[in-house]
Amino acid sequence: MRGTDETSGSLFSYIDLEERIPERHPLRKIRQVVNDALTSLDAEFEALYTDFGRPSIPPERLIRASLLQILFSVRSERQLMEQMDYNLMFRWFVGLGIDDPVWVPTVFTKNRDRLLSTEMSRKVMAAILAHREVAPLLSDEHFSVDGTLVKGEPLERHWSERQWRTASMKSFQPKADAAPPDDEGPGDPPASDTTPDTAASKTPAETDPMPRNTKAHRNAEVDFKGEKRSNATHASKT
């Protein structure tokens, strides 16, 4: 039997938002961690507000809504409020009921900025990172960076100049049948600064490599000082 495509309004609502969210949804674990961190900061929140005046947006809901905006890349507070009006998962995560009205975007922005402009933003982040579910996932031994998104020239002026330069230049090897470079192209690595008197006397030559590192996953350290490299004579091996 074919069903009818008719819409009828409901006088009462019996929707339980908790039952609408899948048991294995990633936001369930995130919400648990965030709620535990916010509970530990209850006294800190209490000290930020007075005992009189109009009630503000609860700070816990402000932080949970701001976290949703980051996780789902919502471009503005106006869009966040719009999605929170009809998105049941957003309402559940923030703590709004099915019939609770959402906030005016400007009011939300003002309350959020007033809260996160204090030291509270640092305390919230520290409480989340110190959570028992999050701390085992953190490590200060290493970090990763996408080299295609990092400009090489500014990194050479970084405090870790030698580390960044050798990390990016060790894969830049001479070509087999390379011709002497006439000029540096737009993508060529910057050449070392030399004076006119010393530039004529020096010839491009590979210097002796520095002692090889004992770690198996590290390449040999190479000193490229005084060597001219360009895309016409060298190519990356990676």
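Axes here are lines fitted to C-alpha atoms, for helices over the stretch in contact, and angles run from 0 to 180 degrees between N-to-C directions. Keep that in mind. One more point before we start: this is a predicted model.

Let's take α2 and α4. Their axes come within 11 Å and cross at roughly 145 degrees. The crossing is right-handed. Who makes the contact? From α2, we have Leu27, Ile30, Val34, Asn35 and Leu38. From α4, we have Glu60, Ile63, Arg64, Leu67, Leu68 and Leu71. By type, that contact divides into eight nonpolar residues, one polar and two charged.

Now α4 by itself. The helix covers residues 59-71, so 13 residues. At 1.5 Å a residue, 18 Å is the span to expect. The end C-alpha atoms are 18 Å apart, which agrees.

Which residues of α4 are buried? Pro59, Leu62, Ile63, Arg64, Ala65, Ser66, Leu68 and Gln69. Note Arg64: this residue is buried, and it belongs to the α2 contact. What do the buried residues pack against? The partners are α2, α3, α5, α6, α7 and α8. After α4 comes Ser73, with a positive phi near 55 degrees.

Last stop, Val104. This residue sits in the loop between α6 (88-94) and α7 (105-116). Along the chain, Val104 and Glu77 are 27 residues apart. Their C-alpha atoms are separated by 9.2 Å.

Terms used: Residues numbered from 1 in each chain as written. Predicted model: local features only at pLDDT ≥ 70, side-chain atom pairs only at ≥ 80, totals over all residues. Heavy atoms only, no water. Helix = DSSP H or I, 4+ residues; strand = E, 2+ residues; numbered from the N terminus. Expected span 1.5 Å × (residues − 1). Buried < 20%, exposed > 50% of the residue type's maximum accessible area, 1.4 Å probe, protein only. Contact = heavy atoms within 4.5 Å. Left-handed = near helix turned anticlockwise from the far one by under 90°. Nonpolar A, V, L, I, M, F, W, Y, C, P; charged D, E, K, R; others polar.
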